[in-house]
Amino acid sequence: MEELNLTPADIGKVLSQPNGFEGLLGRMLSVPGGPESHANDSDTTDDMLAPLKNAKEVHNREKGMPPFPYDPPSRILLIASFARDRAKRTVSVQFAAEDSAGHVVMISLYNYPGTIGAKTEVLDTLFPLGTVLVIKEPTLKTSAAADSVPHVRVDCPSDVIRLTAESPLSLGIRWRTGERVPLAPEPPRTEDGWKALGNKYFQSEWFTSAAIAYSRGLTRTPSSQVLRLNRAMTYLKLGHAGAALSDCTHALAQKELPSSLRVKALYRKAQGLYGIGQWEEAEMAFETTASEFPSEAGSCKTWVKRCRQRRQEKETGSYNWLEMYTASLSKARRLDVADYKGDIEVVELPTRGGGRGVVATKDITAGQLLLVSKAFVSAFPDDCDPPEIFLIQNLVNMTAKYGCGASLGTKVAERIAGDPACARLVYDLYAGPTLPPPPSTYLLERAPVLCVENYLEFETPVDIARIEGVLSFNAFRPTGLPLPGPSQKESDHPSALFLLPSLFNHSCNPNVAAVCYGDVMVLRAMRDIPKGSEVFISYRQGDPASFIKRQEGLRHHLDKCPCDLCTLDRADGEAACKRRKTLEGKISSWDTVDKARRGIQNLEQTYKKRRSHHDPTMTRAYFHLAQVQQKQGDLMGFFHSAISALQQAGLAIIDKSVKGSIRADPHLVTDDIPIRKTVPPMLGIMGDTYIQICIALSNAFDEHYGDDRRSNRWAGAAVWLHNIRYGGGIDLFNAHLLDPELRGKTPLY
């Protein structure tokens, strides 16, 4: 057969021929009377291959056939990759393919597991030359550009079905251009061949390709426990602990399993139990492994210690915060810790978006730990080597997603591919007003472990539309996730999906604040919360802003924020709020004391006189004035303006003195700090600013006046506020703000 070596220009010519693309899509398999197969229908539970088994090939070139088969949705496209050029990857994976009649098309696969950051040689193993695919619900993707090549776009990975020589659907298919694509690699035909190929991919750390190879081998030789246990190890590397547990359980059920395989099965089963958070069962499994195979006692002992640490974390909320913080500064940002849920619960709240919220089950005190949640999936800027920038258009909220946020959907699809039991945890989150509402309750308990017998051959569809909706309304760019270097570009921000934190409703002045250590989110109470009261977080990230800017940033989530801060701002009037926004944007340009004072006077005129406290804008303005005064050598002005900034944020100051006697709180036995130990009203959004100002005052008293007592008192105020905001005591405070090796390397806030 003549070798096919078509360039993109050649493909474009084929596709531009009269009826060329129409004929390509006409070359389909149709399912007479078969059930509709919606890729984005999460309720579909039928065997996905069932409608295809009785399919018969048709060739339809009738005029007027729609180029994109919206109806009926049960149509599919049968193709084989054939181009000598390697597959290309942008956000999608692109390659040339032909249908069985010889028509050529470019394929774009989105959200396909194993493709994020994949190099060309990895793509060659995922989609080797000659791969035969059945594509359900193909979508025609075109561009207005004159030289553009139409693509068949596939968004849902479960719409891609791989056919092998053993697949029943392969029987009877005849390819017009020949049975084999020139230069296509010959797949292994024996158990040892698939094992060797899988091992090669595993050693290269191409774990998705390795899992596919072991699965292909198991299709040919289902009794091979070597392939099954190798796949279990691969699943562990991919983070699919449930699938690994299933493979090991299957192997251990065999009556005559050699000891060389039994030790692997026991050890990897214990790792699988650990990976799905069954710490007690994992501990017993490691102890059993050590008892039966003493040679593994050393490593099992280490794992048992880790199991006990996770159990303690889950049951008591006792964590090594300093260790977590320092670990989050390294590249190993996915921390090994357990989830913890304190005195809170998810309840039905019909008036809230999504119909649910989180309330306190007991009286909660400020600083109390409420939740530790490990990300369901997370993406960091340096996950790809070298780092890459992704950009996609979010059609749910019509915004562009840059960087890590653009890859999060694929990561969710990957997680569900290897752990189908966890799909409900995502699908039960709010996905926007255009998709079915979530249930009125939310259960974090996972469904029973499901076997993943053939990796990336989905038994139930991946609901990519629901995933995209969930991410549009729930993906976090979490405060505190470490950023590499000083850059703050949009593409440098990490992104993550946290499950239970997604159930919290918003307040611009929340009673709970979040901080992240790597991929772990920690939520603490920022003031006392009575039993039965709703618990809020802020959806906004970064510095608090004026009313107008806050509303602009929240428009996607809610029409009107009912929090106390927004209620006060609305009472000031729309004109005053717009004026305030304009003035806020000029604060950083106040380079003289006179400019700063005039700016503050103008800002004050935008507030009603009877407001109990000003908003964060006034705090920023006064602190900026203090910094300008300090630069110009006006130390007395600096002290008074810095203290005024704290008062503007609602902090009660006991001792405003700069010299002379110390003023103490008459209600306290000691005079350890110059502020009243009542939690300020805006700690949830101004906590870092409080701490920053207290440290600035402490440093100024030390450096300019040598006043150790006042310096220590203001430092003590910073420590007290820091401990409510972050916990961890003096050790975490020192590491975060005073350790010369860590200070400034990565912001905790």
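The model is predicted. Its secondary structure comes to 24 helices and 22 strands. Of the 749 residues in the protein, 52% are buried. Among contacts with a separation of 6 or more, 70% are between residues 24 or more positions apart.

**Sheet E12-E13-E22-E19**

- This open sheet has four strands, in the order E12-E13-E22-E19, and its pairing is mixed.
- Strand E12 (344-348) and strand E19 (505-506) stand at the edges. Each has a single partner strand, so one side of each is left without a neighbour in the sheet.
- E12 pairs with strand E13 (residues 356-360) over five bridges, in the antiparallel sense. Within this pairing, valine 347 has glycine 357 in E13 as its bridge partner.
- E13 and E22 also run antiparallel, joined by two bridges. Here valine 359 is the bridge partner of glutamate 534 in E22.
- E19 and E22 run parallel, again with two bridges. Asparagine 505 stands opposite phenylalanine 536 in E22.
- Strand E22 covers residues 534-537. Glu534 and Phe536 point one way from E22, while Val535 and Ile537 point the other way. All of these residues are buried.

- A second open sheet has four strands in the order E11-E14-E21-E20, with antiparallel pairing.
- Its edges are strand E11 (340-341) and strand E20 (512-517). One side of each edge strand lacks a neighbour in the sheet, because each has a single partner strand.
- Two bridges link E11 to strand E14 (residues 369-374), in the antiparallel sense. Lysine 341 stands opposite leucine 371 in E14.
- Helix H12 (residues 321-328) packs on this sheet. H12 touches E14, E20 and strand E21 (520-525), and its direction makes about 60 degrees with that of E20.
- Helix H23 (residues 708-726) packs on this sheet too, touching E20 and E21. The direction of H23 makes about 85 degrees with that of E20.

**Helix pair H9 and H11**

- Helix H9 (residues 259-275) packs with helix H11 (residues 297-316) at an angle of about 15 degrees. Their axes are 11 Å apart.
- That angle makes H9 roughly parallel to H11, because angles under 35 degrees count as roughly parallel.
- The crossing of H9 and H11 is left-handed.
- H9 contributes Tyr267, Gln271 and Tyr274 to the contact. These meet Ser299, Cys300, Trp303, Arg306, Cys307 and Arg310 in H11.
- By class, the contact of H9 with H11 has five nonpolar, two polar and two charged residues.

**Helix pair H16 and H18**

- Helix H16 (residues 547-554) and helix H18 (residues 574-584) pack at about 95 degrees, with axes 7 Å apart.
- H16 and H18 are therefore roughly perpendicular to each other, because the range for that class is 65 to 115 degrees.
- Phe547, Ile548, Lys549 and Glu552 of H16 make the contact with Cys577, Lys578, Lys581 and Glu584 of H18.
- The contact of H16 with H18 has three nonpolar, no polar and five charged residues.

**Burial of helix H15**

- Helix H15 (residues 464-474) is mostly covered, with nine of its 11 residues buried.
- The buried residues of H15 are Ile464, Arg466, Ile467, Gly469, Val470, Leu471, Ser472, Phe473 and Asn474.

**Histidine 250**

- Histidine 250 lies in helix H8 (residues 241-252).
- Histidine 250 counts as partly exposed, because its relative accessibility is 34%.
- Leaving out residues up to four places away in sequence, histidine 250 touches Gln225 and Arg228.
- Alanine 265 is 15 residues from histidine 250 along the chain. The C-alpha atoms of these two residues are separated by 9.1 Å.

Notes
Residues numbered from 1 in each chain as written. Predicted model: local features only at pLDDT ≥ 70, side-chain atom pairs only at ≥ 80, totals over all residues. Heavy atoms only, no water. Axes fitted to C-alpha atoms, helices over the stretch in contact; angles between N-to-C directions. Parallel < 35°, antiparallel > 145°, perpendicular 65-115°, else oblique. Left-handed = near helix turned anticlockwise from the far one by under 90°. Contact = heavy atoms within 4.5 Å. Nonpolar A, V, L, I, M, F, W, Y, C, P; charged D, E, K, R; others polar. Pairing = 2+ DSSP bridges. Buried < 20%, exposed > 50% of the residue type's maximum accessible area, 1.4 Å probe, protein only.
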